[in-house]
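Biologist: I would like to go through some labels and ask what stands behind each of them.
Modeller: Go ahead, one label at a time.

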2 protein chains.
Amino acid sequence: MEPPPHNQSNSHSHLEGSEEQEFLGIGQYDDFHTIDWQRDIARDRMRHRRIIKKKSDSICDWIRSGHDAWSGWLCVFLVAVIAGAVAGMIDIGTSWMSDLRFGICPEAFWFNKEQCCWSSNETFYDGDNCSSWYTWPEMFNHSSEGAGAYIISYIVYVLWSLLFASLAASLVMMFAPYACGSGIPEIKTILSGFIIRGYLGKWTLLIKALGMILAVSAGLSLGKEGPLVHVACCIGNILSYLFPKYGKNEAKKREILSASAAVGVSVAFGAPIGGVLFSLEEASYYFPLKTLWRSFFAALVAAFVLRSINPFGNEHSVLFYVEYSKPWIFIELVPFILLGVIGGLIGVLFTKFNIKWCRYRKTSILGHYPRLEVLLVTLVTAFVAYPNRYTRMNTSNLIYLLFSQCGAANNDELCDYQRNFTNVNTAIEIAAAGPGVLKAVWLLSLALIFKVVVTVFTFGIKVPCGLFIPSLAMGSIVGRLVGIAMEQLAYHNQDWAVFAGECSTGENCITPGLYAMVGAAAALGGVTRMTISLVVIMFELTGGVRYIVPLMAAVMTSKWIGDAFGKDGIYDAHIILNGYPFLDSKEEFSHTTLAHDVMRPGKNESFYVMTQDSMTLDDVQQLLRETDHNGFPVVVSRQSQYLVGFVARRDLAIAISQAKKTTEGIVGESIVLFCASVPSPWMGPPPLRLRKILDLAPITITDQTPMETVIDMFRKLGLRQTLVTHNGRLLGIITKKDVLRHIKALESEDPDSVLFN
Amino acid sequence: MEPPPHNQSNSHSHLEGSEEQEFLGIGQYDDFHTIDWQRDIARDRMRHRRIIKKKSDSICDWIRSGHDAWSGWLCVFLVAVIAGAVAGMIDIGTSWMSDLRFGICPEAFWFNKEQCCWSSNETFYDGDNCSSWYTWPEMFNHSSEGAGAYIISYIVYVLWSLLFASLAASLVMMFAPYACGSGIPEIKTILSGFIIRGYLGKWTLLIKALGMILAVSAGLSLGKEGPLVHVACCIGNILSYLFPKYGKNEAKKREILSASAAVGVSVAFGAPIGGVLFSLEEASYYFPLKTLWRSFFAALVAAFVLRSINPFGNEHSVLFYVEYSKPWIFIELVPFILLGVIGGLIGVLFTKFNIKWCRYRKTSILGHYPRLEVLLVTLVTAFVAYPNRYTRMNTSNLIYLLFSQCGAANNDELCDYQRNFTNVNTAIEIAAAGPGVLKAVWLLSLALIFKVVVTVFTFGIKVPCGLFIPSLAMGSIVGRLVGIAMEQLAYHNQDWAVFAGECSTGENCITPGLYAMVGAAAALGGVTRMTISLVVIMFELTGGVRYIVPLMAAVMTSKWIGDAFGKDGIYDAHIILNGYPFLDSKEEFSHTTLAHDVMRPGKNESFYVMTQDSMTLDDVQQLLRETDHNGFPVVVSRQSQYLVGFVARRDLAIAISQAKKTTEGIVGESIVLFCASVPSPWMGPPPLRLRKILDLAPITITDQTPMETVIDMFRKLGLRQTLVTHNGRLLGIITKKDVLRHIKALESEDPDSVLFN
C-alpha cells in the first residue's frame with residue numbers, strides 16, 4: 001500500500017491549476033447545468049487562502065484582504081438598500097396607478113388620492129372623498145352621482161385595467177419572458193444549485209418591477225410580494241458581479257441570493273425576521289450560519305430603508321399594522337382550528353385546480369395566445385370586480401380593512417353595530433350586528449367565491465403575479481365571516497358557560513379582525529405550506545406575542561390538512577410541473593433501494609471510463625465525440641477497474657486544446673497520462689500529462705449503500721455525481737439526474753419529466 | 001465487474017439483523033462515546049418502514065402507526081407543558097425565598113412580599129413597603145428604622161444567603177455533580193452527538209431545579225436562564241424514554257433535545273421565537289426542518305403554559321416587558337455602536353479572566369474545597385452587595401428597573417428629573433437630572449464594578465449558575481449610564497444640529513431605558529457571541545419592531561469586536577477547557593492538509609484489518625483482545641487490501657458470543673466468513689458467518705481528499721469514522737477523534753486535551 005510519491009504538491013498544483021486557468025472558464029457552468037458545491041467552495045477556500053497568505057506582503061494586499069473579508073457584508077448591504085428603494089418606488093407607483101383607475105388629481109396628477117386630499121387644505125378628510133380629487137365622471141363635467149356617472153366610471157375602470165394589463169403582458173413578452181409568474185419556484189431551484197441564465201438578469205429585474213406595478217394596478221387578483229422576492233434576487237445577482245468572490249463562484253453567489261430572498265420578503269411585508277425565516281424554511285438550500293447573520297442584517301437594513309421611504313404612510317413600517325384591544329379566550333381555539341382546516345382545504349383545492357389549468361395551458365392551443373389570455377382574464381376580473389366594493393378596492397386595502405377591529409373611527413358597513421361610541425377611548429363592547437354587517441357578509445361571500453375562482457385562472461398568466469396577497473385575501477374573508485358569526489353567537493348567548501367568563505362583562509370577548517388574520521395565515525399556509533416564517537410574519541405585522549398561539553394553531557392545522565389531502569404546496573407543484581431538477585431537502589425518501597439499483601450503466605449499457613496511462617489522444621477525443629457525459633472516471637486499467645480519479649469533460653477539452661498549442665510534438669498517438677510520474681524509459685511520442693486537471697478526491701460510495709444515504713449525501717454535500725465501487729472496483733456512476741429520475745420512477749411519475757442537461 | 005450475487009437481500013438481512021438484535025444492545029453506545037448519526041437514522045427509517053408496511057394489517061397496527069407519526073409532536077408537547085410548569089414553580093420559589101432574606105409575611109409565610117402586600121387590604125401599595133409585610137427587625141420587635149435595625153437586617157440577609165448557598169452546594173455535591181454550572185456547553189456537546197450518561201437524568205433535573213432556586217435566592221451573581229435550558233433538556237431526555245422511537249435511538253433523541261433547548265429559552269425569557277433561534281444558532285447541531293417546526297410548537301406551548309401560571313405578574317408573559325413612548329433618532333446609532341464596542345470588550349475580558357480562574361481552580365488546591373469556595377463567594381457577594389441598593393435588589397428587578405423609562409409612576413432615584421407630571425398621560429419631556437440621578441449614577445458605577453468582578457469568580461463554582469442575567473445586568477448598567485449622559489447632553493445642547501430636529505420640541509428625544517436594553521444585548525452578545533437569537537429575544541421582550549435596528553447594530557458590533565479580540569464565546573471556551581469532543585460547525589477549517597496526513601496508521605504504526613474469508617475465530621478474538629478500536633475494516637485479502645466493509649467491535653463481540661451459544665461445532669479454528677457465499681467444497685470445522693453484522697456501505701474517501709472536505713462530511717453526515725483508500729486499496733481510517741486532534745494540533749494546542757473514548 002504505497003502512498004503516491006508527492007501527493008501533497010500534486011493536489012495543490014491540481015487546485016492551483018484550476019485557479020490559474022479560471023479565465024479559461026474552468027469552474028464555470030453552462031446554462032441548465034447543476035453546480036458542484038464542494039468544488040466551488042474548495043475553489044473559494046483556495047482563493048481565500050492565497051489572499052490571507054499575501055495579506056502581510058504589502059499595504060495594498062492588506063487592504064485587499066480587508067475588502068475580501070467585508071465584501072460579503074457590503075454586498076448584502078447594497079442589496080438591501082437598493083431593494084428597499086425599489087420596493088418603495090413600486091409601492092408608490094402602484095398606489096398612484098391604482099387610484100388612476102378611479103380618478104385624478106388635477107392640481108398634481110402625480111399624486112395618488114390620499115396625497116391629493118392631504119395636500120388640499122381641507123381640515124377634514126374622511127378617507128372616502130375630497131373636493132380636490134376628481135373622479136372621472138367629474139372630470140368629464142358630470143356630477144359624480146347618478147347612473148350615468150356610475151356607468152362612466154365603470155367603463156373607465158375597465159379600460160384602464162385592460163390598458164395596464166396589456167402593457168404588462170407586452171413588456172414581459174417582448175423583453176423578459178422570465179419576468180412572468182411569481183418566480184419563487186425558479187428561485188428555489190436556482191438556490192438548490194441549478195443554473196438558469198438570465199433568470200436573475202437586469203432585464204428581468206426592470207420588466208418585473210414595471211410589470212408588477214402595471215399588473216397590480218390592473219386590479220388583477222395577484223400580489224406583488226412573491227415577485228418582490230424575485231426582484232430582490234435579481235438585485236442580489238447583479239450586485240454579486242461587483243464582487244468576483246461571489247460573482248465568479250456559483251456556490252458563493254447562492255449565499256448572496258439566500259440573503260436577497262430574505263430581503264425580498266422583508267420589504268414585501270416589512271417583516272425582517274419573517275423574511276429570514278422564509279429564506280431559511282422555504283427558499284434556501286445551502287444556508288450556513290454566516291448567511292443567516294447576513295440575511296438578518298440585510299433584511300433589517302432593507303426594512304429600515306423602506307420605512308424611511310415610508311410608502312405605507314404609517315410609522316409602523318409593516319403592511320397591515322393592527323392592534324387589538326382584547327385578548328383571545330381559550331374557547332376561541334376551536335374556531336381558530338376550524339379556520340386552519342378551511343385554510344388547508346382552500347390551499348389544496350386551489351393548488352389542484354391551478355395546476356390542472358396550467359397543464360392544460362401548456363398542452364392546449366391556449367398557450368399560443370398568452371396576451372389574449374391576459375386580456376380576457378383582466379376583462380372578466382375588472383367587469384365582475386367593480387360592482388362589489390370589496391373586490392373593487394385594492395386587495396391589500398381589503399385585507400387591512402378585514403384585519404382591523406371596529407373602533408369609533410371605522411365607519412365601514414362592516415362595523416355597523418348597535419354600539420355608541422360617546423368617545424374614542426371607551427372600550428369596544430360586544431353588540432348586535434346591524435343591517436350593514438349583514439350586507440357586508442353577503443358581499444364578502446360573493447367576493448370570496450370570485451377571488452377563489454379568478455385567482456385559479458390568474459396565477460400563471462404571462463404577467464408578474466404573486467400569490468401571497470390573494471391567498472391572504474381569501475383567508476381573511478373566511479376568517480372575518482367566521483369571526484362575525486362567533487361574535488354574534490357570543491352576543492346572543494352571553495350566558496353560555498364558555499362565554500360567561502369573558503363576554504358577560506360585555507368586553508374582552510371576540511374580535512372578528514383577529515379571526516380575519518388567523519384565517520389569512522391559515523389560507524396562505526395551506527397554499528404555500530409555510531409554517532414558522534408565516535407565523536412570524538403575521539406576528540411582526542401585529543407586533544404582539546399575544547396572538548402567536550392562535551396563529552400557530554391555525555397554521556399547523558392547515559399544514560397538516562394540506563399535507564394530508566394534497567401532496568405539495570403550490571411552489572413545489574409548479575417546480576414539478578415545469579420539471580425543474582429540484583432535490584427537495586424536506587421530503588423523506590422512504591424506499592429501500594440501493595445505489596446498485598440506481599447507478600449507471602444499468603444492464604447492457606456500456607460504461608465510459610478512461611485509463612490512467614494507456615489511452616492515446618485519439619481515443620480520448622473519440623470518447624469526447626461519442627459521449628455527452630459531463631465527466632469520466634479514470635481507472636488504473638480496464639481489467640482492474642480500480643478508481644484513480646475523476647476528470648470533468650469541460651476541463652479535459654480545454655486542457656487538450658491548450659496542450660496542443662503549447663506542448664511540442666503532441667500527436668494523435670501520444671499517450672494521455674493521468675498518473676503522477678512518467679514510466680521510464682519512455683518510447684513513442686511525448687505523453688500528454690493531465691494529472692493537473694484530474695480530481696483525485698471524487699466522492700465514492702459502495703454499491704450496497706442505501707439510496708436514502710446517497711440522497712442525503714447529494715443534499716448535504718451538494719454533489720453533482722458520485723462514483724459507485726464494489727470491493728475497490730469501479731462499478732458505475734450516479735448523477736443528480738439519475739437520483740431525480742429514480743425518485744420520480746418510484747413515485748410512478750414520468751422520469752423524463754426532469755428537465756436537465 | 002460482477003455485482004455481488006444477491007446484494008439486496010443481503011443488505012436487508014444485514015439491516016433487519018441489527019434490528020432484531022437491538023435488544024442485545026446493538027446500536028447502543030457506551031458512556032463518553034460519540035454516536036453514528038447515519039447509522040441511527042438508517043435504523044429509525046427501517047423501523048418506520050416496518051410500521052408503515054404493517055399499517056394496513058390490523059386496526060391495532062394502524063393505531064400504532066398513527067401513534068408513531070404523532071409521538072414526536074406528543075413528546076415535545078409534554079416536554080413543553082412540564083417545562084413550563086417547572087419554570088413557573090422555580091420563578092415562584094425564587095421570588096419567595098429572595099424576599100425571605102428581607103422579611104416575612106406573618107399572616108401567610110408562603111407569600112412573597114408582593115403577594116403579601118396585595119393580600120393585605122390596603123388600598124395604596126407603593127411597591128416599597130406595607131404594614132402586613134414584616135422586615136426581620138420588625139419581627140424581632142424593633143422598629144424598622146435606625147442603625148440597629150439596619151445592622152440586624154444586614155446580618156440576617158448575609159446569614160440567609162450563606163444558608164441557601166451552602167444548601168445548594170451540598171445538594172449538588174451529594175446527589176448530582178452534573179447539576180452545577182450553566183450546562184449549556186455540555187448540552188452543545190451532547191447535541192453534537194456525544195454521550196454523557198446521567199447528565200440529563202432525573203437526579204440532575206431535580207437537584208438543578210432546587211439548586212437554582214437556592215443559588216438565585218442566595219443573591220449570588222448568577223441567573224437561572226442557562227440552567228433552565230439544562231432543566232428543559234433533562235425533561236426532554238426523561239420523556240423521550242416514553243417513546244422508544246426516541247429513547248432507544250440517540251440520533252432521534254437529539255431532535256427532542258433540540259426542541260427542549262428551545263423550550264428552555266422560551267420559558268426563561270417568555271420568548272418563543274428567540275428560543276427556537278437560540279436552539280438553531282447556538283445549541284443545535286443536527287437541525288432538520290421537522291425539528292424546527294416542533295421546536296417552535298413546543299416553545300409556544302411552553303410560553304403559553306408559563307403565561308397561564310403567570311409568575312411575572314404581568315399579562316405580557318415576558319421577563320422584562322417595556323414599552324417606550326419615543327422612537328429613536330438616527331444620531332443615536334453612534335452611542336448604540338459605542339455600546340456594542342463596550343459590550344464586546346466586556347465579553348472578551350470576562351471570558352478571559354473567567355477561563356483563567358477556572359483553569360486555576362482545576363489545577364490548584366482550591367478545586368478540592370468547592371463547598372468552601374461557594375461559601376466564600378457568597379459571603380463576599382452578600383457582604384458587599386447589601387449596602388448598595390442596586391446590588392441588593394434581585395438582579396432581574398435591577399435590569400427591569402434600568403430598562404424602564406421614567407414615567408409619573410416610577411419614583412426611583414433614577415427618575416429624579418426636574419419634570420412635573422401633572423397627569424400620567426402627559427408626554428415625558430426631556431429634563432435636567434436632579435441630585436437623585438447623580439447619586440444613582442454613582443451607585444450604578446460601583447454596582448457595575450462589583451458585578452463584573454464577582455461574576456468572574458462566581459461562574460464555575462459548584463452550584464447551578466447561568467450567565468445571561470449577570471451579563472444583561474452589566475450591559476444594562478453601562479447602557480443606562482451612557483443613556484443618561486446622552487440625555488443630559490441633548491438636554492443641555494438642544495440647539496445642536498444633530499438634536500435640533502427631535503429634541504427641540506422637548507419630546508421624542510432620548511430614552512435612557514432603551515440604552516440600557518441595547519447595552520444589555522451588547523454585553524450578552526459579547527459574552528455568548530449570539531446574534532440573531534439575542535436580537536429576537538430582546539425584540540420579543542419589548543414586542544416592537546421599532547428597536548430592532550439599534551439592537552442589531554449593537555449586537556453585531558459586539559460580536560465583531562468580540563471575535564476580533566477573543567477567539568471563542570464563553571460556552572465554546574468552556575467546551576475547550578473541559579476538552580469535550582465538539583466539532584464546531586461554525587468555524588472554518590482553513591488549512592491545506594489532506595486526508596493522507598491525518599489518517600491512521602501513521603508512519604510505522606500497524607493497521608488492524610480483518611480479511612473476509614481467511615481469519616479464524618482465534619485470530620479475531622486475539623485482535624479484539626489486543627486492540628481497543630471501536631471497529632475494524634474488512635478487506636478481501638491482506639495482500640490486495642481491497643475494502644469489503646466495516647464491522648463494529650461491539651457487534652462483533654455480541655455476534656461471536658451468540659454464535660458460540662447457538663451454532664454447533666464453532667471452535668477456535670473455525671473460519672470467520674464475511675463474504676456472501678460459502679466457498680464449496682468446504683473442509684474443516686463449520687465456518688462462522690458474520691456478513692449479517694458487516695456494514696457493506698462504509699463511507700470512504702481517497703487519501704487525496706482535502707481535510708476541509710473531510711471535516712465537512714463529518715459535520716454534515718455526522719460520521720463516526722471514514723475509511724481512506726487509494727486506487728481502491730484501503731490505506732487507513734480517520735475517526736472523529738483524529739479530526740479533532742488534528743485541528744488542535746494545527747492550532748498548536750495540546751491534541752491530547754480532547755477527552756474521548
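Biologist: Which residues of chain A does UniProt list for "domain: CBS"?
Modeller: The unreviewed UniProt entry lists residues 599-662 and 690-753 of chain A. UniProt positions are given in the numbering used here, feature names are shortened, and annotations may be inferred rather than shown by experiment. This is a predicted model, in which local features need pLDDT of at least 70 and side-chain atom pairs pLDDT 80 or more, while totals for chains, interfaces and linings use all residues. Residues are numbered from 1 along each chain as its sequence is written, chains are lettered from A and ligands numbered from 1 in written order, and side-chain values use heavy atoms, without hydrogens and water.

Biologist: How much helix and strand is there over residues 599-662 of chain A?
Modeller: That stretch is 38% helix and 23% strand, with its end C-alpha atoms 38 Å apart. For residues 690-753 of chain A the values are 34% helix, 25% strand and 37 Å. Helices (H or I, at least four residues) and strands (E, at least two) are DSSP runs, numbered from the N terminus.

Biologist: What makes Cys406(B) and Cys415(B) a disulfide?
Modeller: The sulfur atoms of Cys406(B) and Cys415(B) are 2.0 Å apart, and a disulfide is a pair of cysteine sulfur atoms within 2.5 Å. The pair therefore counts as a disulfide.

Biologist: Why is the disulfide of Cys406(B) and Cys415(B) called left-handed?
Modeller: Because the torsion about its S-S bond is about -75 degrees. In chain A, Cys406(A) and Cys415(A) are also joined by a disulfide, with S to S 2.0 Å.

Biologist: Why is Cys180(A) called buried?
Modeller: Its relative accessible area is 18%, and buried means under 20% (exposed over 50%, partly exposed in between; 1.4 Å probe, protein chains only). Cys180(A) is therefore buried. Cys75(B), at 0%, is buried as well.
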